[in-house]
Amino acid sequence: MRAADIADQLSTVLVTEEEIQKKLLELAQRVDAEYEGKDLLLVGVLKGAVMVMADFARHLQRDITMDWMAVSSYGAGTKSSGVVQIRKDLDTDLHGKHVLIVEDIIDSGLTLSWLLENFQSRGAESIEVLALLRKPDAAKVVIDCRYVGFDIPNEFVVGYGLDYAERFRNLRDVAVLAPHVYS
Ligand code: 5GP
Ligand code: MG
Ligand code: MG
């Protein structure tokens, strides 16, 4: 699809590439300070968090380990089902680890609340959450997220890792999907 056709499928840009990078650098500086002297394991939630992980991890000035988990709660639609399924589990034993979960977006919060409980049961020493985006008006459960990039309105967004039916993940900005695409 050509650039003009892609633009036709988006309504507004909510967060630009520059704003994302500036925010991820700030968050990385906080994480550098707050985890000083501790081993840190970053756990990315596939596939949406791929871009956040790549850029956030490289803004850190310290060594980390990285692992990935794939869960699904959405399918190809735009509404959270609340049913979480593990598609790929961690390779790392969480026992005694300081874990920072790296997420693209907190929408209903259902996926993360499930993940937090799951990780606690595996004996992690500490578990915190970093999410690039959060939709406060969509929350069904309250998630204690220590590192939040941007609070956004309750609209379906794509880009910077976020997809609609696996498309738009490689957009550099975060944009609202035009309703005519899915309605
Ligand atoms: P939850 O509703 O459980 O908080 O969100 C679960 C997952 O659904 C998120 O991690 C994200 O991958 C996806 N998701 C939630 N809101 C959006 C959105 O506005 N756009 C896209 N593309 N994915 C979303
Ligand atoms: Mg996600
Ligand atoms: Mg998706």
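Mentor: This is a predicted model. Begin with one residue pair: S72 stands opposite Q85 in β4.

Trainee: In which sense do strand β3 and β4 pair, and over how many bridges?

Mentor: Strands of a sheet pair through backbone hydrogen bonds, in either a parallel or an antiparallel sense. Here, β3 (residues 65-72) and β4 are antiparallel, with three bridges.

Trainee: What is the strand order in the open sheet of six strands?

Mentor: Read it as β4-β3-β2-β5-β6-β7, with mixed pairing. On average, neighbouring strands are turned by 30 degrees against each other, direction ignored.

Trainee: Which residues of α3 are buried?

Mentor: In helix α3 (residues 50-59), they are M51, V52, M53 and F56. These buried residues pack against α2 (17-34), β2 (41-46), β5 (98-106) and β6 (126-134).

Trainee: Which residues have the most contacts inside the largest nonpolar core?

Mentor: The general idea: in soluble globular proteins, nonpolar side chains tend to be buried together. In this model the largest such core has 43 residues, and F56, L100, I101, V102 and L130 have the most contacts inside it. At least two core residues come from each of α2, β2, α3, β5, α4 (110-120), β6, β8 and β9. Take I101 as a case. Beyond its neighbours within four places in sequence, I101 contacts V43, V45, L115, I127, V129 and L130.

Trainee: What is the order of the three strands in the other open sheet?

Mentor: The order is β1-β9-β8, and the pairing is antiparallel. β1 (10-15) and β8 (157-158) are the edge strands. Three bridges join β1 to β9 (residues 174-177). L10 is set opposite L177 in β9.

Trainee: How many helices and strands are there in the protein chain?

Mentor: Five helices and nine strands. The chain's radius of gyration is 16 Å, close to the 16 Å that the globule rule gives for 183 residues, so the chain is as compact as a globular protein of that length. Buried residues make up 30% of the 183. Among contacts with a separation of 6 or more, 65% link residues 24 or more positions apart.

Methods: Residues numbered from 1 in each chain as written. Chains lettered and ligands numbered in written order. Predicted model: local features only at pLDDT ≥ 70, side-chain atom pairs only at ≥ 80, totals over all residues. Pairing = 2+ DSSP bridges. Helix = DSSP H or I, 4+ residues; strand = E, 2+ residues; numbered from the N terminus. Buried ≥ 20, exposed ≤ 12 C-beta atoms within 10 Å, placed from the backbone. Contact = placed C-beta atoms within 7 Å. Rg over C-alpha atoms; globule rule 2.2 N^0.38 Å. Core = buried A, V, L, I, M, F, W, Y, C linked by C-beta atoms within 7 Å. Axes fitted to C-alpha atoms, helices over the stretch in contact; angles between N-to-C directions.
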